[in-house]
Amino acid sequence: MNTGNRTIASIGAKMRVLVKEQLDLKYLHYSLPISTVLAPSRLTAYVRKHSINIFANGELVINGATSIDHARKYMRNVARLIQTFDEKCGKVRVTAVKVFNVIGTIKLEKNVCLERLVLSIKGATYEPEIDLPCVRCNVGNSHVSVFHSGKIIILSKNLPSLDSSVDNIMQIIREM
């Protein structure tokens, strides 16, 4: 069976903007020259199809980046905007980007028999009457959803864990 191609669907990452005082989110909401939405605990900035949450303590969180480099680039751009438009942030330093989740997808060339797959994986669940028609299981440190169409979605904490889980689930499917 062809293993299909693994693609990174989404990376969630965070970075901290080191500030001396709490950021004034309301002031930034009205000052920044980008689309923003103000919520009680955060400011969400929209930059090229990405949403970046800005917290008062200086933490920036991005979801939906397709690579660590994209996450770093967009969060640094927002950090520069904060530095430009908030006088209290003068010379801001930023920390390294930390990945906190990765979503990968695989599309197999064949359909998967979910009834057989659920019997092959200890702790797997398959309840199409209650939930999505897919097998859900934990493989290593990752959560895996396998659909009849051959689509596999894997949620993991980092790229090495994602790659390991891809290898493990593909081995299980090959042995069925």
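In this predicted model, helix 4 has a buried set made up of S161, L162, S165, V166, I169, M170 and I173. These residues share one side of helix 4, because the arc they cover around the axis is only 160°. An α-helix has 3.6 residues a turn, so residues three or four places apart point the same way. The face turned away from the buried side of helix 4 carries exposed residues: P160, D167 and E175.

The length of helix 4 was also checked. Helix 4 runs over residues 159-175, which makes 17 residues. The N-terminal end of helix 4 is capped by N158. There, a side-chain oxygen of N158 is 2.8 Å from the backbone nitrogen of S161.

S10 counts as buried because its relative accessibility is 15%, and the cut-off for buried is under 20%. A polar atom of the S10 side chain lies 3.3 Å from the backbone nitrogen of G64. Leaving aside residues up to four places away in sequence, S10 touches N63, G64, A65, N101, V102 and I103.

The mean pLDDT is 85, and 93% of the residues reach 70 or more. Strand 10 (residues 142-147) has the highest confidence, at a mean of 95. Strand 6 (residues 93-94) has the lowest, at 71. Where pLDDT is low, the predicted coordinates should not be read in detail.

Notes. Residues numbered from 1 in each chain as written. Predicted model: local features only at pLDDT ≥ 70, side-chain atom pairs only at ≥ 80, totals over all residues. Heavy atoms only, no water. pLDDT = per-residue confidence, 0-100. Helix = DSSP H or I, 4+ residues; strand = E, 2+ residues; numbered from the N terminus. Buried < 20%, exposed > 50% of the residue type's maximum accessible area, 1.4 Å probe, protein only. Polar contact = N/O pair within 3.5 Å; in protein donor to acceptor, adjacent residues only side chain to side chain. Contact = heavy atoms within 4.5 Å. Expected span 1.5 Å × (residues − 1). Arc of directions from axis to C-beta.
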